[in-house]
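Dear colleague,

I am passing on a structure that I would like you to look through when you have the time. My notes on it come after the model itself.

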Amino acid sequence: EYLHNLKEQPNEAIKEIKWVVVRPDDLIDDDDKISKYNLYDKPQKGLFGGGVSTRANVAHFMVDLITKDEVWKKWEYQMPVLMNVEKKEEGSETKK
């Protein structure tokens, strides 16, 4: 609710705060290798159990957010959902 209010009705004191909330699906440890992943504007299969997200991929995306202006500008003031690509799946916005 707070983020919704921040996005919809920012007040003067917090107007300069820029944010992105990265929402991994079922967060798992893996072998620390970055793999392909998709970014969505909302959960794809409900709140839980839609897919998995490795910590390495979440970290990779967060680094991209702070080091690549075009990535930040695309997702600024949003809450993208990150899900690993299943081997047979082709993603809507695949990153690696």
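This is a predicted model: local features need pLDDT of at least 70, side-chain atom pairs count only at pLDDT 80 or more; totals for chains, interfaces and linings use all residues.

Residues are numbered from 1 along each chain as its sequence is written, and side-chain values use heavy atoms, with hydrogens and water left out.

The protein has three helices and six strands, where helices (H or I, at least four residues) and strands (E, at least two) are DSSP runs numbered from the N terminus. Read from the N terminus, the order of these elements is α-β-β-β-β-α-α-β-β. Of its 96 residues, 32% count as buried; here buried means under 20% relative accessible area, exposed over 50%, and partly exposed in between, with a 1.4 Å probe and protein chains only. The accessible surface comes to about 6900 Å², and 51% of this surface belongs to carbon and sulfur atoms (Shrake-Rupley method, 1.4 Å probe; for residues, only the protein chains shown count as cover). Among contacts (heavy atoms within 4.5 Å) between residues at least 6 apart in sequence, 79% join residues at least 24 apart.

β3 runs antiparallel to strand β5 (residues 81-84), to which four bridges join it; two strands are taken to pair if DSSP finds at least two bridges between them. Within β5, Val81 is the bridge partner of Tyr40.

The largest nonpolar core has ten residues, Val20, Val22, Tyr37, Leu39, Val58, Phe61, Leu65, Val71, Trp75 and Leu82, a core being a set of buried Ala, Val, Leu, Ile, Met, Phe, Trp, Tyr and Cys residues joined through side-chain atoms within 4.5 Å. At least two residues of this core come from each of β3, α2 (55-67) and α3 (69-75), and α2 gives the largest share, with three residues.

A search of the whole structure finds three aromatic pairs, where rings of Phe, Tyr and Trp (its six-membered ring) pair if their centres lie within 6.5 Å, and planes under 30 degrees apart count as stacked, over 60 as edge-to-face and the rest as tilted. One of them is Tyr37 with Phe61, edge-to-face at 6.4 Å centre to centre and 70° between the planes; because Tyr37 lies in strand β3 and Phe61 in helix α2, this pair ties together parts that are 24 residues apart in sequence. Phe61 also forms an edge-to-face pair with Trp75, at 6.5 Å centre to centre and 90° between the planes. Tyr37, Phe61 and Trp75 form one aromatic cluster.

Asp32, in the loop between β2 (26-28) and β3, has a positive phi of about 65° although it is not a glycine, and at 65% relative accessibility Asp32 counts as exposed. Tyr77, in the loop between α3 and β5, also has a positive phi, near 65°, and is partly exposed, with a relative accessible area of 29%. Most residues other than glycine have a negative phi.

With best regards
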